[in-house]
Amino acid sequence: MFQFVRKVTLFSGLWCLLSLATAQESRLTCGRRKVKSVYLIHNGIDAKAGHWPWHAAVFHNMTGRTDYACGGSILDENTILTASHCVHTRRGVLPAARVLIHVGQINLKEASEYTQTLGAREIILHPGFSRNSIINDIALIKLSSNITMTKYVQPVCLWTMDSKKELIVGKNGTIVGFGLNEQDVVSERLKQALISVVDALTCIASDRSVFGTHLTSDMFCGKGQKGVSACNGDSGGGMFFEVGGKWFVRGLVSFTPLRGNTTLCDPLKYTAYTDVAKHLEWIKQYIDQRVLSFESDVLDIDYEEKLRLFNFQTCGVKSSTVHPGGSNWTLPWLGFVRAPNEYKTRCVVTLISDWYAVGPAHCFENDGVEAFILLGAGYEHVKSECFDRNGSTLCTHLSQMRRIQRIIVHPMFGTNNSADNIALIELLSPADTSQPNVKPICLPVTSELRTNAKTNLHVAVISKDEDSYKNIPVRYLDSAECMKLYAQENIVLNLENKRLCAEITNNQDEQNCNALISGSPLQELKMFGGKEQHFLRGFELLGQACNARAPPIYNNIEAYIDWILYNMRYNEPEDFVQTERLPSNGTLKSQWMRLQQEPGNENLQLFNMSSCGVTANIVNAKTGSIVVYPWMVTVFGWRTIIDEDKQLEVQSVGVLISERYFLTNAHLVKQKAWWRSVVIGLSNLILQAQCVGDSCVQAVEATIRSIHIHPNYANDPLNYNIALVELTSPVNSTSRHIKPICMPFLKDMFKTSPLELVVTSNEDLDMRSKTLTALNPTTCQRQLAQEGFLTSTKTVPWC
């Protein structure tokens, strides 16, 4: 046992984020999932079969029983990576005969059809490890028989890239294991959690007594959200990162400070991980060299299979539609990366299929989670407009906004390498390419199409004269000529075969040209299938396609075709499932009456199902007729600013569910307030204040009697963020502008897809509503995880 056992606990378990590469004669598969999965991370979320196919469970044979001990990761057919302390006791290295390995197992107590059990032939500890220190806490277990690789059992990739910690600090990795759960018992189900890596100084400052004396340069630290951590039973488990579509093991769970005077982990503290990248040379001595994954590897791609991802009948054909304002929209493959509350484009991407686009990687360095892709127009266009042009009527088509599911940045791109500045963007839902203003460009996916074209090249720009997006011709420059021109500007340029130069040669084109922001596509126009089609040749990297002092630089897309194809996968849109129809009103009414009469349901008399949930209309000379949701509640409060100064503000909104009660968020009413008042029937304060006459809609003020916060809110604020607020006296709901909403007490109401979903909020004392689209639970959980709100399968809300 270590000398600092009173402060530090060691883990048993391995955590991996890996990816599987397709097999070749000279390479073995690693780090690629064979089972389609969604990207979900949570404290305690159950891992799916095949989701982490490289995870191994290490068991110890004790007298008369077999106990789970640690986690591990599959490196090749007969090698498991784990922590040294997982296979070492006070007496020394455990005999190999006392170690068993389970792979393909997601339930600790039950073997499944995917599970394989293997014995150990040899235990190899790092020569620098000892029980008196934590350094070199890494070991290999050689198996007595080979693992049979299946869809559910695969090896992870070893980190063969740059081993600098700066590349992972601030990034999120995933850990997987059977360690202690929130109830401090070993989890029977395999769990996964997202962990953020921090710099060494942050880690040491968090607990100097532990990390200050034991953290070395061959380790790194990480911690998840509150309550998310590696724990007892997770030792030896790996921390995994997805890079370029493949999963790599970078860390092994090693140690963490203890919780108080117990021998249990403290989930609020950082965990130290052995840095696998620092021990690569030692590991390479004992493994099958064919599993090592390098950027220079030739990717084995089934081109015939991948060709089904593309439609060469419709790709790359110019559009004849019009842009809002009447200008021509001819380049339907242009996409614009935007983010909420940002009014300018971050960069341009090029649509290459219904599901995928490519663009500059630097555009997504902030991981692109909040970003979305705008297609079909240069700005959001949600209402069709028609124009008369030379006696003909032309109408615009709506733009399409698509959220991003996955951003795959080229693994070699980084601060020290700008050559591989490319990212593959997978959309959360497919682009509607049946519309004429949204079409993919053609991609030269076969060797016959990769001609390294130097003629018929065009770049997308904005025409000053026409105020429209258009192509203008450019001249290809050979590498020597381009590098010479840059040398005249005192810039050393190394193009290799990954980048190329092209410049505008026509002076009139140059004067009439406004460059798009970085990512503008370079296209080759060629005859294909009897018609003119555009093929992607590259994209401009700096937003300087026009009027540049030196020739603009483009990524050479042909150098990345195999990488793009390798990372593309088949997707199917996830539709909201339509279920049985809502029963007729007569049936619902009879069900409601029966429910009210059942013993214990006396409180249901508080609800009037015959008049609830009916919207109202307000007619105003300025705004016309507007729809009002009469159940909306506005909560005002006085908040102390400085000393005695107080400020009146809208503290929350709520939903009236009866004459006496409304619902709101728990976190809003928990905030301290000197005084609160409730206003019901408020639609637009300014218009209502200016209104004169008997027809005016007057808001009603009420006071709060009591606030009841859900009892589970304190322990789980994300899933129980709800409060029931009781009013001092009932409101007058006979007015059509003040009505409670209906509550779904009847089971039949849960079996239907909604006809319409609306969210209403108070913005500048004006109740504004937006129509929403329902998502299925899987998509909801994935999107919440991307935004940092983590839920389990059982607690995922409705999105």
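Two strands count as paired here if DSSP finds at least two bridges between them. Keep in mind that this is a predicted model.

With that in hand, select strand 5 (residues 79–82) and strand 10 (residues 139–143): they pair in the antiparallel sense, over four bridges. Show isoleucine 80 and you'll find isoleucine 141 of strand 10 standing opposite.

Next stop: strand 16, residues 246–257. Is this strand buried or exposed? Colour by accessibility, with buried meaning under 20% relative accessible area. Of its 12 residues, 12 are buried, so strand 16 is largely enclosed by the rest of the structure.

- Strand 15 (residues 238–243) pairs with strand 16 in the antiparallel sense over six bridges. Pick glutamate 242 here; its bridge partner in strand 16 is tryptophan 247.
- Strand 17 (residues 271–275) is also antiparallel to strand 16, with four bridges between them. Look for valine 253, which has tyrosine 273 of strand 17 opposite.
- Strand 11 (residues 157–158) runs parallel to strand 16, and two bridges join them. Leucine 158 has valine 249 of strand 16 as its bridge partner.

While the side chains are on, one thing to watch for: in a regular strand they alternate between the two faces of the sheet.

Note on methods: Residues are numbered from 1 along each chain as its sequence is written. This is a predicted model: local features need pLDDT of at least 70, side-chain atom pairs count only at pLDDT 80 or more; totals for chains, interfaces and linings use all residues. Side-chain values use heavy atoms; hydrogens and water are left out. Buried means under 20% relative accessible area, exposed over 50%, partly exposed in between (1.4 Å probe, protein chains only).
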